[in-house]
Amino acid sequence: QATRRSLSLAVACYLILVAMALAVSFFARGHLETIGSTIRSDFSRAFLFGVLGEIAVVPLFLLSVVALAITIVGILLIPFAAVAFALGVMGALALGFLAMSLLAGDAILRGDTAAGDARPVVSHLITGLSLFLVLWLLGSASAYAGMIGSVVRLLAVLSTWMAATVGLGAVIITRGGTRTAASVPRVPPPLAEEYAWQTPTPVSGVAAA
């Protein structure tokens, strides 16, 4: 019964993600491709932002609750804010995971989903999602395989967590796919020590010489 429930849960999550993939591919394809391009060009930075985002979820939620609890009206809005916050986090994770699934589908089908490309994105998304589904189906079906089953389930968990984390980081970097990674401002490097003497400081005497 536990194996049957695990298989049913994996298939149900897969069908939900497929429905979301269809909606995103038709209504937010540009955002999805922007997120995927950011992952492809700067994987490590996306992973770092994803980990930081996951760590900051609970503190941000608590700060929001405290800010709302200052006023009586805000106290009444706390349940609605909690639901909206949870939906926003889950939506960001789902969008990032779909972007990673798109890249996985590109790798399997040997394609490229650059912005404006006429190639259908749906097939690449479903292919990538199917890859994760196969891992979870194998993990659920190998519950009685001892150490091998544990390794397969651990592989499914780690791969899914990695995909969701990297995708979340790319969503944060691109603000939900609304801007490219190239438009994200970067902090300029500090002034080199060898050029510090060129600062416009008035000097005289021996120093001027």
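R29 counts as partly exposed, at 23% relative accessibility, and in this predicted model its side chain meets that of E33 in a salt bridge with an N to O distance of 2.7 Å. The structure holds 2 salt bridges, and both R29 and E33 lie in helix 2, which covers residues 29-41.

**Salt bridges**

- R29 and E33 stand 4 residues apart in helix 2, about one turn of the helix; in general, an α-helix has 3.6 residues a turn, so residues three or four places apart point the same way.
- R40 counts as partly exposed at 44% relative accessibility, while D106, at 5%, counts as buried.

**Helix 2 and its surroundings**

- Helix 2 has 13 residues and reaches 18 Å from its first C-alpha to its last, which is close to the 18 Å expected at 1.5 Å a residue.
- The buried residues of helix 2 are L32, E33, T34, I35, G36, T38 and I39, a list that includes the salt-bridging E33.
- These buried residues pack against helix 1, helix 3 (43-68), helix 4, helix 5 (121-141) and helix 6.

**Nonpolar surface patch**

- L22, F26 and F27 make a nonpolar surface patch of about 400 Å².
- F27, one of the residues of this patch, lies in helix 1, which covers residues 2-27.

**Backbone at R175**

- R175 has a phi near 55°, a positive value in a residue other than glycine; in general, most residues other than glycine have a negative phi.
- R175 is placed in the segment after helix 6, which covers 147-174.
- The relative accessible area of R175 is 57%, so this residue is exposed.

Definitions and conventions:
Residues numbered from 1 in each chain as written. Predicted model: local features only at pLDDT ≥ 70, side-chain atom pairs only at ≥ 80, totals over all residues. Heavy atoms only, no water. Patch = residues over 30% accessible without salt bridge, like charges linked within 9 Å, V, L, I, M, F, W, Y side chains within 5 Å. Areas by Shrake-Rupley, 256 points an atom, 1.4 Å probe, with all protein chains shown as cover. Salt bridge = Lys/Arg side-chain N within 4 Å of Asp/Glu carboxyl O. Helix = DSSP H or I, 4+ residues; strand = E, 2+ residues; numbered from the N terminus. Buried < 20%, exposed > 50% of the residue type's maximum accessible area, 1.4 Å probe, protein only. Expected span 1.5 Å × (residues − 1). Contact = heavy atoms within 4.5 Å.
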